Amino acid sequence: MSDAHTVQTLRREFVLRCDPEGTIEHADAVAERYGLTPQARLSDRVAVDSHTKLKDFLARAQEKTADRWEITLLVEDAPMPVSVSGAAGDGGIWVVGNVLPQEFEVVMGQVRQSMAELADMHRTAERQQRELLRRNEELSRLNRELDDSARGMIVLHHEVEEKSDSLRRMSEVKSRLVSNVSHEFRTPLNSILGLTRMLLSRVDGELNEEQEKQLQYIRRSAESLTELVNDVLDLSKLEAGKVALRTGTFPVKELFSALRGMFKPLVPDPGVELVFEDPPEGFPDLDTDENKVSQVLKNLISNALKFTERGQVVVRADLPEPDKARFRVSDTGIGIAPEDQARIFEEFSQVESPIQRRVKGTGLGLSLSKRLATILGGELTVESEIGRGSTFSLVLPRQHPEVREMERLDQEAAELDPSRSQVLVVEDDRQTLFLYERYLRGSGFQVIPARSLEGARRKLEKIKPAAVVLDIMLDGESSWGFLRELKSRPETRDVPVLVVTVTNREHKARALGADEFCVKPMDREWLIRRLENIGRYRGAVERVLVIDDDEVSRYLVRKMLADTQYQVIEAEDVHDGVRMAQLERPHVIFLDFVLPTGTAFDVLDALKIDPRTRGIPVIIQTSKSLSDEEVAALSKDSTSVISKQSLSREVAIARIREALLQAGLGPATLATTASAEGV
Ligand code: ADP
């Protein structure tokens, strides 16, 4: 193959001449390669969609020139885009064609595709926008509905509150009624029992057999009525939350032997054996309310004996978990069907059975026991199979949660927190004590609990608290007497006392010297505000003025003294600082050495001139290392100099306390520090 031929094959332009109708008259080799041979009609060689364009092209070319028209040829049935230019000449039309590179077509294809995709995306976006609008409307509608429901809820909430209020009142009335009526019952019942006993003892003469039988019936009926009245009374006391918890440490073995003695004469059937299994060697003592545990066990044992005709009733104790004790009372009696097992713990519920008809009972024993179990921080459950017997289990913490909590409180109170003011809280109810402790946690006050007046007196011998909170519920008259005592003794006269009562006795409290008064229930904010207030003029809360232009330094001091009895006030420069000192009369001043409008010396000089501020102790804090002369000069007029780098909560508090001591301020502070050990 010649080079010329190779070049021919590489060429992409072609030249041809045709007549005005488009019949080819002359064609070069490249044109022929694309099938554009002489005699052929151009219209036969272009794609159908280019026919009109070809016609226009020829017409235009004949007139003047047609430049770069794009026409699609068909080469061996495949479309091939060409750019053609044409001009009239030699009695026909000369056409120069240029095959457009294939890639161009590809790119065009891509562009077309992208355009199509873009259009598609545009449509999707429009659709989404419409959807968004719709949802927005939906949301607004929902919002409006929610608003309506919220308003409805508020109304409902009020109604529920009112209902629960009236229920509470009704339940209070019910409890009062029940307990009054029960008491009313007791007196005549006691008379009946006493008189029956007297008649039966025959002090007033012999009885015939029939009379004796009748009297026995009367006695038994009166006894069972007494039992009912006692149960109802117990229950109403539990409901009213009036039962006091009396905790103490006791060995389970002793509890068992007391119960054994008590039940010995009561085992009715010779076919039934009552067994107390001694707890294993080393079984720990329990620290909870022994009476209540005993009451629950008595109920369970007497039930077991009632519903067992043959076999055994076994009482045992074990430790299902290290911190928990479990008592189990198992019998070989009639058992309880699964569907009745939950019901029997409800008030006045009994299961229908032949035995049931024979034995007496109130249907209150288990519901009482269940409540007692809850008070003990435990749980009462049953496992039973009809005809085989039942096992009732009482699982309870070995140490009553309140005892544990109280121990923690006592422990915490044994260590006086020097950063907080001590408040002696005299309150016999543990729950209320915990409440005070929770209220004052995280405040500048530390609770020192005293559960009796005697305990309070002992604490007062060791510390001088910033305030005393005195609950008057505590055996009535004697707590008023204690208030009188506090206010008359020189050592305690100036300790502010906040008196808390259930009914309004403000007049009496004030007359006896109370500094603040409150009717229960009190809320946290009130308590803290009052303590701060009574403390403020007694020196319990101490104001610390920080004079420093650096915001971060002021923030640090504020942060370090948060949760303490120190209240931070702030100033940014010499003038402001001196003015604040005169106005607020802080107990201590924290003074930055370098200030925007002067130095610490300027502040110290100004404070010295004014009699109101002369005595305020000043602690200089600085981040600059001072010369010996500077330190000496400063020490003359200030209490101490500390570097900012070494400032911590402890250092800040220690320095403030030293400063107050040197200045002879804060008597409460002084006393608590002096006897910080051994409370
Ligand atoms: P009651 O004074 O009737 O014994 P309780 O509340 O103590 O009231 O018991 C409620 C009911 O539970 C009983 O009446 C009895 O039907 C059923 N029950 C309680 N203990 C047992 C037991 N150990 N075996 C079978 N049934 C029992």
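User: How is the packing of two helices read, and at what angle do the axes of α13 and α14 cross?

Analyst: Two helices may be described by the approach of their axes and the angle at which these cross. In this predicted model, the axes of helix α13 (residues 453-462) and helix α14 (residues 477-488) come within 11 Å and cross at roughly 20°. Angles under 35 degrees count as roughly parallel, and α13 and α14 are therefore roughly parallel to each other. The crossing in which α13 passes α14 is right-handed.

User: Which residues make the contact between α13 and α14?

Analyst: From α13, the contact involves L453, A456, R457 and L460; from α14, S478, S479, F482, E485 and L486 take part. Sorted by class, the contact of α13 with α14 has five nonpolar, two polar and two charged residues.

User: How is a pair of aromatic rings described?

Analyst: Such a pair is described by the distance of the centres and the angle of the planes. The structure holds six aromatic pairs. One of these is formed by F14 and Y34, with 6.2 Å centre to centre and 70° between the planes. Planes over 60 degrees apart count as edge-to-face, and the pair of F14 and Y34 is accordingly edge-to-face.

User: Where in the chain do F14 and Y34 lie, and are they buried or exposed?

Analyst: F14 belongs to strand β1 (residues 13-18), whereas Y34 is in the loop between α2 (29-33) and α3 (42-45). The two residues are 20 residues apart, and their pair links distant parts of the chain. Both F14 and Y34 are buried.

User: What is the geometry of the pair formed by F593 and F601?

Analyst: The rings of F593 and F601 are edge-to-face, at 5.9 Å centre to centre and 80° between the planes. Buried means under 20% relative accessible area, so F593, at 3% relative accessibility, counts as buried. F601 is partly exposed, with a relative accessible area of 27%.

User: Which residues do ring pairs link into a cluster?

Analyst: The cluster consists of F256, F276 and F327, linked by ring pairs.

User: How far apart are G109 and D550 in sequence and in space?

Analyst: Separation along the chain and separation in space are stated individually. G109 and D550 are 441 residues apart in sequence, and their C-alpha atoms are 68 Å apart in space. G109 lies in helix α5 (residues 102-200) and is partly exposed, with a relative accessible area of 27%.

Conventions: Residues are numbered from 1 along each chain as its sequence is written. This is a predicted model: local features need pLDDT of at least 70, side-chain atom pairs count only at pLDDT 80 or more; totals for chains, interfaces and linings use all residues. Side-chain values use heavy atoms; hydrogens and water are left out. Axes are lines fitted to C-alpha atoms, for helices over the stretch in contact, and angles run from 0 to 180 degrees between N-to-C directions. Helices (H or I, at least four residues) and strands (E, at least two) are DSSP runs, numbered from the N terminus. Angles under 35 degrees count as roughly parallel, over 145 as roughly antiparallel, 65 to 115 as roughly perpendicular and the rest as oblique. A crossing is left-handed if the near helix is turned anticlockwise from the far one by less than a right angle, and right-handed if clockwise. Contact means heavy atoms within 4.5 Å. Ala, Val, Leu, Ile, Met, Phe, Trp, Tyr, Cys and Pro count as nonpolar, Asp, Glu, Lys and Arg as charged, and the others, Gly among them, as polar. Rings of Phe, Tyr and Trp (its six-membered ring) pair if their centres lie within 6.5 Å; planes under 30 degrees apart count as stacked, over 60 as edge-to-face and the rest as tilted. Buried means under 20% relative accessible area, exposed over 50%, partly exposed in between (1.4 Å probe, protein chains only).
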